[in-house]
Amino acid sequence: MSETVVKLDGLIKKYDNKAVVDSLSLEIKEGEVFGLLGPNGAGKSTTMNMICSLLKPTAGEIELFGYDIRKNLSKVKPLIGYIPQDLAIYGNLKAWENVELFTSLYGIKGKELKNAIDESLKFVELEDKRNAFAKTFSGGMKRRLNIACALGHKPKLLIFDEPTVGIDPQSRNFILERIKDCNADGTTVIYTSHYMEEVEAICTRVAIMDNGKIVACGTKEELKNLIRKDPDEEITLEQVFLTLTGKKLRDFVEA
Amino acid sequence: MSKIWIITKNYLKLIFRTKAMLIITILGTLLVVAAVSSAFRTLLDKAEQETDFSVGYEMQDDSKYKIVESAWTEGLAKENITVKNFSKADPEKIVKDGEADVFVVFGKDGYRIVGSDKKEMDTRIVQYVLYNMDMMMNGSVNQFAFPERSLPTEPRSTSENYYSIVEIEYFMSICSIFLCMIYYTERKNNILTRFRTGSAGSPTRYFGKLFSCVLTSWLVQVLIMVGLVSLLFDVQFGKPMVSIGILLLATVAYASFGMVFFELFENSAVSIGLMFTALWFAGYLGGSFESYMYSSFSENIKRLSPTYYVNRSLVELSVKGSSDYLLPCVGVMLLMIVVCVSLGLIITAKKKEV
């Protein structure tokens with residue numbers, strides 16, 4: 001039986017007494033590519049931020065790799081690689097220097113560090129641009145470098161927060177392929193995106209969130225069966241998403 | 001500690017790749033030094049001349065000093081001290097009205113000196129001369145001797161020396177500007193999120209910034225002082241190791257002071273504006289733009305500025321080799337470091353949550 005990598009139990013996050021994440025319970029197993037979907041303001045980012053220890057939960061438990069993150073943060077952090085939606089790289093550093101910085105902070109040094117830099121840049125196919133400054137890169141190249149910076153320390157859990165926003169189809173396809181490769185190597189992946197076809201292409205299991213709660217969770221087929229009326233009916237994940245969360249526009253202001 | 005060094009190294013790379021900032025700082029300091037030392041040279045030279053003073057006297061006909069009257073007037077005149085003879089004068093009124101800085105009334109067997117608190121040094125010189133006159137009349141000395149005037153008066157710095165020292169110190173006080181681009185990039189690109197999820201806590205990042213800023217500022221100072229200013233103006237720093245120590249303390253204090261603004265405000269323009277305003281006033285009171293020796297501000301107001309203590313210590317070390325302001329300066333700088341670093345760490349810790 002697969003090890004539980006992420007376990008959320010009764011997770012609550014409140015701002016001004018309003019629950020942004022409301023009694024969320026969830027388990028993600030080792031080797032999964034887990035899609036977290038939801039309209040704007042559903043609570044996805046807040047949930048991810050709590051998993052990454054960027055936010056303290058108001059209540060509830062978070063266990064990563066069997067560790068309670070409140071008590072074992074230093075043990076848990078090296079196991080996570082976070083790829084934020086924003087490009088968290090320095091334009092005035094060269095590609096290899098960006099990877100070096102974020103990898104060496106995990107205590108990796110010497111030959112191991114050099115190898116980690118080489119492998120990460122090769123993985124995102126930027127090895128021939130290693131000496132170029134990040135500010136000279138195209139949007140797609142910056143996204144790839146953004147991913148490389150989270151790979152150097154070889155995390156066991158990768159969290160992608162909308163990694164394909166604003167890039168061309170080729171770059172998007174490349175990133176999705178690389179996520180599959182990471183997963184094939186045994187890395188567990190949590191993936192959020194508003195592009196349903198991406199989620200459909202790479203995720204093994206999906207949770208749909210709305211108003212801080214999970215409204216549905218399961219494999220893609222299990223979710224489609226929720227709204228399928230005829231066994232032969234072709235259902236897309238987008239149809240499931242719109243049926244479960246509604247078609248009303250979601251405007252929200254960040255807390 | 002190794003993580004702080006990793007971050008410091010990274011920030012140093014980023015700072016040195018923003019070459020415009022470094023060049024502006026070095027050239028800016030040199031231009032300001034050249035401009036203000038030239039502009040204020042006249043003022044300082046005039047002040048130097050003002051050390052000459054005038055002595056009024058009244059000699060009674062039956063005074064025993066009558067026989068040395070010509071030696072008295074000629075001796076003083078030789079030292080560029082103006083001598084004025086009065087008869088039936090009101091000494092207090094003459095000194096009060098400024099007709100003479102010191103007045104001597106020669107009586108039958110003695111003399112009376114009238115001076116003012118403001119001219120205490122001049123009065124003491126005259127007193128010494130009169131003592132010397134007595135000795136001469138008693139046959140102890142043959143010649144009319146004057147005290148070495150440089151001994152009782154405070155030595156003064158040249159305008160080049162003074163403004164080189166205080167402008168280097170002033171430009172160093174805004175050294176946190178080197179971090180401006182780093183704060184801007186990290187906020188714009190949300191890099192802090194990556195640091196937070198990684199293994200670099202807020203104290204690590206804070207000290208990385210502080211150390212990189214201090215190291216850069218030091219290198220800039222060395223370039224300015226040793227490489228350029230000393231060649232151009234022959235600037236004399238008294239007791240180099242002590243001066244370097246003061247500059248180090250001041251650099252850490254000012255860097256941490258500037259960082260409070262950068263940590264506190266999300267907006268770089270607001271941070272820079274407020275920091276510059278605060279440091280401009282500190283520099284203004286401390287003698288960075290006008291010599292503190294001839295400043296119109298009261299001593300109590302000037303003492304509110306940390307720049308004042310640093311300037312006084314460095315300038316006095318330069319001209320005298322010692323300074324009474326050294327200990328207060330070290331105290332003020334240490335206090336500033338403790339307060340600003342504590343504030344900076346508290347603010348960064350408070351921002352831990354996104």
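This is a predicted model: local features need pLDDT of at least 70, side-chain atom pairs count only at pLDDT 80 or more; totals for chains, interfaces and linings use all residues.
In chain B, helix 7 and helix 14 cross in a right-handed sense. Helix 7 covers residues 159–173 of chain B, and its axis comes within 10 Å of the axis of helix 14, at a crossing angle of roughly 145°.

Who makes that contact? From helix 7 of chain B we have N161(B), Y162(B), I165(B), V166(B), E169(B), Y170(B) and S173(B). Helix 14 of chain B answers with T307(B), V310(B), N311(B), L314(B), V315(B) and S318(B). Sorted by class, the contact of these two helices has 7 nonpolar, 5 polar and 1 charged residues.

Helix 14 of chain B has another partner to look at, helix 11. Helix 11 spans residues 240–264 and helix 14 spans residues 306–320 of chain B; their axes come within 10 Å and cross at roughly 165°. Angles over 145 degrees count as roughly antiparallel, so helix 11 of chain B is roughly antiparallel to helix 14 of chain B. Here the crossing of helix 11 and helix 14 of chain B is left-handed.

On the helix 11 side of chain B, the residues in this contact are V242(B), S243(B), I246(B), A250(B) and A253(B). They meet P306(B), V310(B), S313(B), L314(B) and L317(B) of helix 14 of chain B. The class count for helix 11 against helix 14 of chain B is 8 nonpolar, 2 polar and no charged residues. Note that V310(B) and L314(B) are listed in the contact with helix 11, and V310(B) and L314(B) are also listed in the contact with helix 7.

An open sheet of 4 strands runs in the order 2-1-3-4, with mixed pairing. At its edges are strand 2 (82–85) and strand 4 (111–114) of chain B, each pairing on one side only. On average, neighbouring strands of this sheet are turned by 20° against each other, direction ignored.

Strand 1 of chain B, residues 54–59, runs parallel to strand 2 of chain B, and 4 bridges join them. One pairing to point at is V55(B), whose bridge partner in strand 2 of chain B is V83(B). Helix 6 of chain B, residues 120–137, lies across strand 1, strand 3 (102–106) and strand 4 of chain B, at about 30° to strand 3.

Over to chain A. Strand 1 (residues 4–15) and strand 2 (residues 18–29) of chain A pair in the antiparallel sense over 8 bridges. L8(A) stands opposite L26(A) of strand 2 of chain A. The hairpin of these two strands of chain A has 2 residues between the strands, and D16(A) takes a positive phi near 50° there.

Strand 1 of chain A also runs antiparallel to strand 4 of chain A, residues 59–64, with 5 bridges. I12(A) has A59(A) as its bridge partner in strand 4 of chain A.

Last, the two chains together. In the interface, 19 residues of chain B are in contact with 26 residues of chain A. Which elements give two or more residues to the chain B side? They are helix 1 (2–16) and helix 9 (191–197) of chain B. The chain B side that touches chain A divides into 5 nonpolar, 8 polar and 6 charged residues.

Methods:
Residues are numbered from 1 along each chain as its sequence is written. Chains are lettered from A and ligands numbered from 1 in the order in which they are written. Axes are lines fitted to C-alpha atoms, for helices over the stretch in contact, and angles run from 0 to 180 degrees between N-to-C directions. Angles under 35 degrees count as roughly parallel, over 145 as roughly antiparallel, 65 to 115 as roughly perpendicular and the rest as oblique. A crossing is left-handed if the near helix is turned anticlockwise from the far one by less than a right angle, and right-handed if clockwise. Two residues are in contact if their C-beta atoms, placed from the backbone, lie within 7 Å. Ala, Val, Leu, Ile, Met, Phe, Trp, Tyr, Cys and Pro count as nonpolar, Asp, Glu, Lys and Arg as charged, and the others, Gly among them, as polar. Two strands pair if DSSP finds at least two bridges between them.
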